[in-house]
Amino acid sequence: MVRGEGRAIQVARAFFRAATKLSDDTEDILPQEDALDYKLSVFNLFSELFPEYVNTDPLGRAGRSGLMRLQFNKIGYEIYDKEQSRRVPAVRAKPGNPGYGFRRARWRDMSNPEDERACEDVLAEIGVSRERLERIKARVEEFRLEWDTVRRPSRPAGPGRPRGLRRGAEEEDPLAAIPIPAL
């Protein structure tokens, strides 16, 4: 941890490292904002699990210490690239417009012993109690499962583009297996 930075920033950085992971899959993205019908942003989970380090004043007035969503997301963008995508919600934009998210970020899978251990180690460094650690792991796993069910695909099905096929992808020709007799 960097000397001189506030405790809220230290906890936020540790939370990103403990709850999220860089993915090899370019389709992975985590939202920086919540949708109207579901609250699955990284900040939302952080504010639920560490409310003492969050400034929830909607006007962002000074007087309450803690991080606002903007400050928290800036910490996230030190770790992950920022990506504009239709796969994440854009609350203050017209429907269908892309939102911003953390590119190639995914929630840690708490059923994976390596991910679970990484989460435990990082949170132990900042002094999280065992009871609180178990609650954090459970909520991260719940968010991971829920996000996987609501996340939008990058190439959704639509007119002329059935689900599962990419444009330009070679398809197996069923007629290619039929021998053609010589004339």
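Predicted model: local features only at pLDDT ≥ 70, side-chain atom pairs only at ≥ 80, totals over all residues.
Q: Why is Q32 called buried?
A: Buried means under 20% relative accessible area, exposed means over 50%, and partly exposed lies in between (1.4 Å probe, protein chains only). The relative accessible area of Q32 is 11%, so Q32 is buried. You can find Q32 in the loop between strand 2 and helix 2. Beyond residues up to four places away in sequence, Q32 touches S41, R69, N73, Y77, K82, Y100, G101 and F102. Touching here means contact, that is, heavy atoms within 4.5 Å. In the whole protein, 38% of the 183 residues count as buried.

Q: Does R130 count as buried or exposed, and what makes it so?
A: The relative accessibility of R130 is 51%, and therefore R130 counts as exposed. R130 sits in helix 5. Apart from residues up to four places away in sequence, R130 touches E120 and K137. From C-alpha to C-alpha, R130 and E120 are 9.0 Å apart in space and ten residues apart in sequence.

Q: What makes R104 a residue to look at?
A: R104 is not a glycine, yet it has a positive phi of about 60°. Most residues other than glycine have a negative phi. R104 lies in the loop between strand 4 and strand 5. With a relative accessibility of 23%, R104 falls in the partly exposed class.

Q: How do you know that helix 2 is mostly covered?
A: Seven of the eight residues of helix 2 (residues 42-49) are buried. They are V42, F43, N44, L45, F46, S47 and L49. Take N44 as one of them: its relative accessibility is 18%, so it counts as buried. Leaving aside neighbours within four places in sequence, N44 is in contact with D34, K39 and F143. The buried residues of helix 2 pack against several elements, including helix 1 (7-19), helix 3 (69-79) and helix 5 (130-150).

Q: Why is helix 1 called oblique to helix 2?
A: The axes of helix 1 and helix 2 come within 11 Å and cross at roughly 120°. That angle makes helix 1 oblique to helix 2. The cut-offs are these: under 35 degrees is roughly parallel, over 145 roughly antiparallel, 65 to 115 roughly perpendicular, and the rest oblique. Axes are lines fitted to C-alpha atoms, for helices over the stretch in contact, with angles from 0 to 180 degrees between N-to-C directions.

Q: What makes the contact of helix 1 with helix 2, and how do its residues divide?
A: Helix 1 gives A8, V11, A12, F15 and F16, while helix 2 gives V42, L45, F46 and L49. These residues divide into nine nonpolar, no polar and no charged. Ala, Val, Leu, Ile, Met, Phe, Trp, Tyr, Cys and Pro count as nonpolar, Asp, Glu, Lys and Arg as charged, and the others, Gly among them, as polar.

Q: Why is helix 1 called oblique to helix 3?
A: Helix 1 and helix 3 pack at an angle of about 50°, with their axes 10 Å apart. That angle makes helix 1 oblique to helix 3. The contact is made by I9, A12, R13, F15 and F16 of helix 1 and F72, I75, G76, E78 and I79 of helix 3. Its residues divide into seven nonpolar, one polar and two charged.

Key
Residues numbered from 1 in each chain as written. Heavy atoms only, no water. Helix = DSSP H or I, 4+ residues; strand = E, 2+ residues; numbered from the N terminus.
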